Amino acid sequence: MAGKVRVGFYSLTGCAGDLLSILNIEDRLLEIFEKVELVEFVMASSNVKPGGVDIAFVEGSVTTEKDLKALKEIRAKCDRLVALGDCAVWGGVQASLTGLDPRELMKSVYGTEQNLYGFLGEHKPLSEVVKVDLELPGCPIEQEEFIKAFVSLLRGDLPEVKDYPVCIECKIREVPCLVVEKGEACLGPITVGGCKARCPYHGVPCIGCRGPIKDEANVAGELLMLMEKGWKPLDAINRMKLFAARYKDLAKLVGRG
Ligand code: SF4
Ligand code: SF4
């Protein structure tokens, strides 16, 4: 890439926590951004430059017609597109409503079945709409993971994608397994690592906020394990749906695939 790399940060439907996480890397932010030309980052500046970008970071799910139009425009003007955070990678917590009647949802929240905000009827991850070059999961993203990926992208490379479960990080940190030691229900076996097993390290079971391991999470096995721990099937599925509702194997399990 000749000259400064042009970078844009964009937000679709979500809580904006991923972009906030980036702004919160205060001690390294200037060092990171001095190497790039910031084209758009609405949360940081109202200054938006025209033209295309080399790298587009997009957070949020595709939930409204406005999201859909914005994402297609971003894809058309960027070289590489990075999905930031669970909403962009998996549709987010809002995607756990997948399969419910959108009119009923509208009524329960706004008191009318009318489609007030151009709701598409479901909450899609970016990859269901456009080509995505890299996905950084998390709710929110891990700052270290973002920095490493950013540096790789600036060099013109794509970082390695993590394909191992949170359990591996428990082993590395010598955290006693909450399932084995305490009989607790933990989603670590189906959740992609990268958080250094933050929750089990503090004695709290993983609820899967980094989303499932792409194409490899054994949700049927996890369901059996949760049922063995005394969970009712519906409760176990709802727990997994919180961050993995659009994972194809889980969709099959609940009869949507
Ligand atoms: S505590 Fe959870 S994440 Fe850690 S090893 Fe046990 S099942 Fe895996
Ligand atoms: S342990 Fe699980 S819930 Fe906790 S931060 Fe990691 S992925 Fe998220």
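Tutor: Domain bounds come from an automatic or database domain assignment. The model is predicted: local features need pLDDT of at least 70 and side-chain atom pairs count only at pLDDT 80 or more, while totals for chains, interfaces and linings use all residues. Residues are numbered from 1 along each chain as its sequence is written, with chains lettered from A and ligands numbered from 1 in the order in which they are written.

The assignment divides the protein chain into domain 1 (5–154) and domain 2 (166–253). Their C-alpha centres are 25 Å apart. Domain 1 supplies 14 residues to the contact and domain 2 supplies twelve, where contact requires C-beta atoms, placed from the backbone, within 7 Å. On the domain 1 side, helix α4 (residues 85–90) contributes the most, with three residues; helices are DSSP runs (H or I, at least four residues), as are strands (E, at least two), numbered from the N terminus. That side of domain 1 comprises seven nonpolar, four polar and three charged residues. Here Ala, Val, Leu, Ile, Met, Phe, Trp, Tyr, Cys and Pro count as nonpolar, Asp, Glu, Lys and Arg as charged, and the others, Gly among them, as polar.

The largest nonpolar core has 60 residues, and those with the most contacts inside it are Ile55, Ala56, Phe57, Val58, Val82, Ala83 and Leu84. Because domain 1 and domain 2 both give residues to this core, the core lies between them. Such a core joins buried Ala, Val, Leu, Ile, Met, Phe, Trp, Tyr and Cys residues through C-beta atoms within 7 Å. Ala56 touches Gly8, Tyr10, Ile74, Cys78, Leu81 and Val82, leaving aside its neighbours within four places in sequence.

Ligand 1 is surrounded by 13 residues, the closest being Cys167, Cys170, Cys177, Cys186 and Gly188; a residue is near if its C-beta atom, placed from the backbone, lies within 6 Å. Helix α7 gives the most to this shell, with three residues. By class, the shell has twelve nonpolar, one polar and no charged residues.

The residues around ligand 2 include Cys195, Ala197 and Cys199. Ala197 is in the loop between α8 and α9 (198–201), and its phi is near 50°, a positive value in a residue other than glycine. Ala197 counts as buried because it has 23 C-beta neighbours inside 10 Å; buried requires 20 or more, exposed 12 or fewer, and partly exposed lies in between.

Technical notes: Two residues are in contact if their C-beta atoms, placed from the backbone, lie within 7 Å.
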